[in-house]
Amino acid sequence: VLYRGLLDPQFSFSRWITLSSYYPPLLYIASMPFYALRGISEDHAVLANLLFLTILILATYKLGRRLFDSRTGLLASAIVSFYPIVFGLSRQYYIDFALTCLTPAALVCLDAAFRRNKHILLCGTLLGVGMLVKWTFILFVIGPFILAILGEVRNSPRRVLLTSVTILAIGVLIASVWYLPNAANLVRSAGVTGFDLPAAKG
């Protein structure tokens, strides 16, 4: 629907961005180049997982190298790429696979951003992009984010504060492109799924 809406000249951006009003649209957007190249089908949509799988492998390597050494990073990235759950989900069109892949990438950037300013923009962008995959993304990164702050705040509290605010501001700015137009629908959906589901079903 998003891809067809993008091709329709009668669709404005404000209308297009609300077509996916419950789940954020990043996974669907990532599939669009494959639709353009190969046509619209579920098999072609799944090709977007190649991008996310690549991100997962690279992020796992970076984490392994950061915590131990390059050899450990290579071994960890090889192992994770053959996990049965990763192997299975990469062949299904599920939002949770993209969520799984972007989470370690965000952790890598969080670690780097508090040590080098040049990674702040990338970290904030990943935070916003992750929120455009699924709203639960923040639950996976908030703990490491707080730990990163606590680990660096003694050395340079002013810099840590500025880095944290900048990362959050960039992430919120990117995520707000979808969350603001769909805020009312998300609130209604949360009410139905959380408390009023029996009543909604009659």
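A salt bridge is a side-chain nitrogen of Lys or Arg within 4 Å of a carboxyl oxygen of Asp or Glu. With that in mind, welcome to these close-up views of a predicted model, which holds 3 salt bridges.

**View 1. Arg66 and Asp111 join two helices.** Here the side chains of Arg66 and Asp111 meet in a salt bridge, with N and O 2.8 Å apart. Arg66 sits in helix α5 (residues 48-67) and Asp111 in helix α8 (residues 95-113), so this pair ties together parts that lie 45 residues apart in sequence. Is Arg66 buried, partly exposed or exposed? Arg66 counts as partly exposed, because its relative accessibility is 45%. Asp111 is partly exposed too, with a relative accessible area of 26%.

**View 2. Asp111 also pairs with Arg115.** Which residue forms this salt bridge with Arg115? Asp111 does, and the closest N and O atoms are 2.8 Å apart. Arg115 has a relative accessible area of 32%, so Arg115 is partly exposed. Side chains of opposite charge can pair when their charged atoms come close.

**View 3. Asp96 meets Lys134 in a salt bridge.** The N to O distance between these two side chains is 2.9 Å. Where do the partners lie? Asp96 belongs to helix α8, while Lys134 lies in the loop between α9 (120-131) and α10 (137-152), so the pair ties together parts that are 38 residues apart in sequence. Take a look at how the two residues sit in the model. Asp96 is partly exposed, at 37% relative accessible area. Lys134, by contrast, is buried, because its relative accessible area of 14% falls under the 20% cut-off.

**View 4. His44 is a buried residue in a helix.** For this last stop we leave the salt bridges behind. His44 is found in helix α4, which covers residues 42-45. Why does His44 count as buried? Its relative accessible area is 16%, and buried means under 20%. What does His44 touch, leaving aside its neighbours within four places in sequence? His44 is then in contact with Phe34, Tyr35, Arg38 and Gly39.

Terms used:
Residues numbered from 1 in each chain as written. Predicted model: local features only at pLDDT ≥ 70, side-chain atom pairs only at ≥ 80, totals over all residues. Heavy atoms only, no water. Helix = DSSP H or I, 4+ residues; strand = E, 2+ residues; numbered from the N terminus. Buried < 20%, exposed > 50% of the residue type's maximum accessible area, 1.4 Å probe, protein only. Contact = heavy atoms within 4.5 Å.
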